[in-house]
Amino acid sequence: MSSITYDRKNPFMATVMEAYCISEGSGKETNHYVVSLKGSGIRYKSGDSLGFYPTNNYELVKETIRKIRAKKKDVIEDKYGEETTLAEALHYKFTIHRAGKKFLSAVVKKMKRGKDKEDLENILDDREEVDKYLFTRDCIDILNEHPVHFTPQEFVNTLSSITPRLYSISSSPKSHPREVHLTVAIIKYNNFERDRFGLATGELSNRIEVNKTRIPVYIQPTKEFVIPEDRSKDIIMIGPGTGIAPFRAFLEQRIEEKGAGRNWLFFGEVHEKSTFFYKDEWFEAMKNGHLQKLTTAFSRDQKHKIYIQHRLLGNSKKIWEWLQSGSYFYVCGDKQYMAKDVHSALIEIAQKEGKLKKEDAENYINQTLMKDERRYLRDVY
């Protein structure tokens, strides 16, 4: 057992033991990873996340250095005043897979007065427009469009530091001691005639060698997104897409604890045939009486798109009965759309089944369930 404490400032170099696709034939890649914590002494609980420090693709590092007409061995100072080579800095320390506002501002300052400069200045003044512009471009793209010169140090000074990525853990430590499982959707696309990947998911997808690759990780604990201590309590879990991750951990823990509480899982994705993540595990749990209800929504398997919120409304009476009998309600996944739609559906259920006015239904969901009783818990991003 290690006597070293591993955390965000001192991550553990963990070996990736397994890596395989769980969305074959879907046209998008979602992978399952098993990461060994053996020898670290790291402990975690169901509901926690794994922090992972990614590095930039070295081909992108080389292309970026070439674009600013610099050399790999050029010496720069990082933001802590420490000297390192440009190649090392761009590989391990700074974000280059997507440009930031500081870099764009520096480009604009170096441009000659004219329409192009005015257009970019207008973009910089509009928060939505600048976000949209930067979302599709890295530093190379912007320098292709607006060639200006940076010294290596000037360039590095415009970049933001690489920050760790957090992934909900999809395993229970009671079922998988000394290892962590992850469910990761790989971000990949082609833009400006170049293949792109998400910083962390690109590394996980393209540069992992099973039982060889070691990655820097730590545990990001959760305080509230946890299973009720009272094992007799029922739980409703809403986990579309990779939002399913913590609920795989929850169910594993509930099985190990042999509690009397019922479990109801809602899962949504695109196609049942290719994106029904962990299907066999859910069916096995149902067969053995560990998962009482499984409700799915595969949006593209019929003419009209069906999403999780539609399934919630279709089960409104039962949902209300479970909530009134003390059930906990969990949501994990997309914050921008899914979580909002699920929240609206809950309010609608409270109005319909609880015979409440809209204002009272909103108060029940927003105040009573979420804040007073803490039975409506979310892990959204």
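Mentor: Happy to! Let us start with a definition: buried means under 20% relative accessible area, exposed means over 50%, and partly exposed is in between, using a 1.4 Å probe and protein chains only. The model is predicted, so local features need pLDDT of at least 70 and side-chain atom pairs count only at pLDDT 80 or more, while totals for chains, interfaces and linings use all residues. Residues are numbered from 1 along each chain as its sequence is written, and side-chain values use heavy atoms, leaving out hydrogens and water.

Trainee: Is glutamate 121 buried, partly exposed or exposed?

Mentor: Its relative accessible area is 25%. Buried would need under 20% and exposed over 50%. Glutamate 121 is therefore partly exposed.

Trainee: Which side chain does glutamate 121 meet in a salt bridge?

Mentor: A salt bridge here is a side-chain nitrogen of Lys or Arg within 4 Å of a carboxyl oxygen of Asp or Glu. For glutamate 121, the N to O distance is 3.3 Å.

Trainee: How many residues apart in sequence are the parts tied together by glutamate 224 and arginine 374?

Mentor: These two form a salt bridge, with their closest N and O atoms 2.7 Å apart. Glutamate 224 lies in the loop between β10 (214-220) and β11 (235-238), and arginine 374 in the loop between α15 and β15. Helices (H or I, at least four residues) and strands (E, at least two) are DSSP runs, numbered from the N terminus. The pair therefore ties together parts that are 150 residues apart.

Trainee: In which helix do glutamate 252 and arginine 248 lie?

Mentor: Their side chains meet in a salt bridge at 3.8 Å, N to O. Glutamate 252 counts as buried at 12% relative accessibility, and arginine 248 is buried at 6%. They are four residues apart, about one turn of the helix, and both lie in α9 (residues 245-257).

Trainee: On which residue is the kink in α15 centred?

Mentor: The bend at a residue is the angle between axes fitted to the seven residues ending there and the seven starting there. In α15 (residues 358-372), the kink is about 30 degrees. The buried residues of this helix include Ala361 and Ile365. The kink is centred on tyrosine 364.

Trainee: How many salt bridges are found in the whole structure?

Mentor: Among them is the pair of glutamate 224 and arginine 374. A search of the whole structure finds 26.
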